[in-house]
Amino acid sequence: MLVFTIGGLIAIVLGSDVTVDAATSIAKALNVSDRIIGLTVVAFGTSLPELVTSVTAAFKGKADIAVGNIVGSNIFNILFVVGTVAVIHPVPFDTSFIPDALAAILSAAVLWILSSKDRKLARGSGFVMLVLFAVYLAQLLIR
């Protein structure tokens, strides 16, 4: 079992690394800005491990692990990763990221609202969140 766990972790990390590298190369060839690449391609590639882990947990009936994984990962990324980078070197926050920061805050609020009534996120709420992501992605690509 330990061998499968370690092998799975290695495969997830290598797969997301290949995905990020390949997608970034394609986006650069199409003259897509670094900001768009970071907000889409790199974000998707670095979230693949969370996606795989969360989907697997959901299929096994451990949805609380799935949600905890995603929420915890985002809190970790925002506070620990950005904080660590800022300790090493100041991080400029361009005003063009304000809409994206607001989208992150609104996403957390939507998650809280959709899950607060019955203390669970139902299938319909999941579709709402996917549609909201599609709207965010569309506006990101057209601005």
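This is a predicted model: local features need pLDDT of at least 70, side-chain atom pairs count only at pLDDT 80 or more; totals for chains, interfaces and linings use all residues.
The protein contains 5 helices and 0 strands, and reading along the sequence gives the pattern α-α-α-α-α. Taken along the principal axes, the C-alpha atoms fill a box of roughly 40 × 40 × 35 Å. The protein is divided into domain 1, covering residues 1-91, and domain 2, covering residues 95-142.

Helix α1 (residues 2-29) packs against helix α2 (residues 34-59) at an angle of about 160°, and their axes are 9 Å apart. An angle over 145 degrees counts as roughly antiparallel, and α1 and α2 are therefore roughly antiparallel to each other. The crossing in which α1 passes α2 is right-handed. On the α1 side, the contact is made by Ile12, Ser16, Thr19, Val20, Ala23, Thr24, Ala27 and Lys28. On the α2 side, Asp34, Ile37, Val41, Val42, Phe44, Gly45, Thr46, Leu48, Pro49 and Val52 take part. Sorted by class, this contact has 11 nonpolar, 5 polar and 2 charged residues.

A second pair is formed by helix α4 (residues 98-116) and helix α5, which pack at an angle of about 170° with their axes 11 Å apart. These two helices, α4 and α5, are therefore roughly antiparallel as well. Here Asp100, Ala103, Val110, Leu111 and Leu114 of α4 make the contact with Ser125, Val128, Met129, Leu132, Tyr136 and Leu140 of α5. The class count for the contact of α4 with α5 is 9 nonpolar, 1 polar and 1 charged residues.

Attention now turns to α2 and α5. The axes of α2 and helix α5 (residues 123-142) come within 11 Å and cross at roughly 165°, which makes α2 roughly antiparallel to α5. In this case α2 passes α5 in a left-handed crossing. Arg35, Ile36, Leu39 and Thr40 in α2 meet Tyr136, Leu137, Leu140 and Leu141 in α5. By class, the contact of α2 with α5 has 6 nonpolar, 1 polar and 1 charged residues. Tyr136 and Leu140 of α5 are also among the residues in the contact with α4.

The two domains can be viewed as whole units too. The C-alpha centres of domain 1 and domain 2 lie 18 Å apart, and their contact takes 5 residues from domain 1 and 8 residues from domain 2. Between them, the domains bury about 570 Å², with 78% of it on carbon and sulfur atoms. Which residues of domain 1 lose the most area to domain 2? They are Arg35, Ile36 and Leu39, which together account for 70% of what the domain 1 side buries.

Key
Residues are numbered from 1 along each chain as its sequence is written. Side-chain values use heavy atoms; hydrogens and water are left out. Axes are lines fitted to C-alpha atoms, for helices over the stretch in contact, and angles run from 0 to 180 degrees between N-to-C directions. Helices (H or I, at least four residues) and strands (E, at least two) are DSSP runs, numbered from the N terminus. Angles under 35 degrees count as roughly parallel, over 145 as roughly antiparallel, 65 to 115 as roughly perpendicular and the rest as oblique. A crossing is left-handed if the near helix is turned anticlockwise from the far one by less than a right angle, and right-handed if clockwise. Contact means heavy atoms within 4.5 Å. Ala, Val, Leu, Ile, Met, Phe, Trp, Tyr, Cys and Pro count as nonpolar, Asp, Glu, Lys and Arg as charged, and the others, Gly among them, as polar. Domain bounds come from an automatic or database domain assignment. Buried area is the accessible area (1.4 Å probe) that two parts lose on being put together, summed over both.
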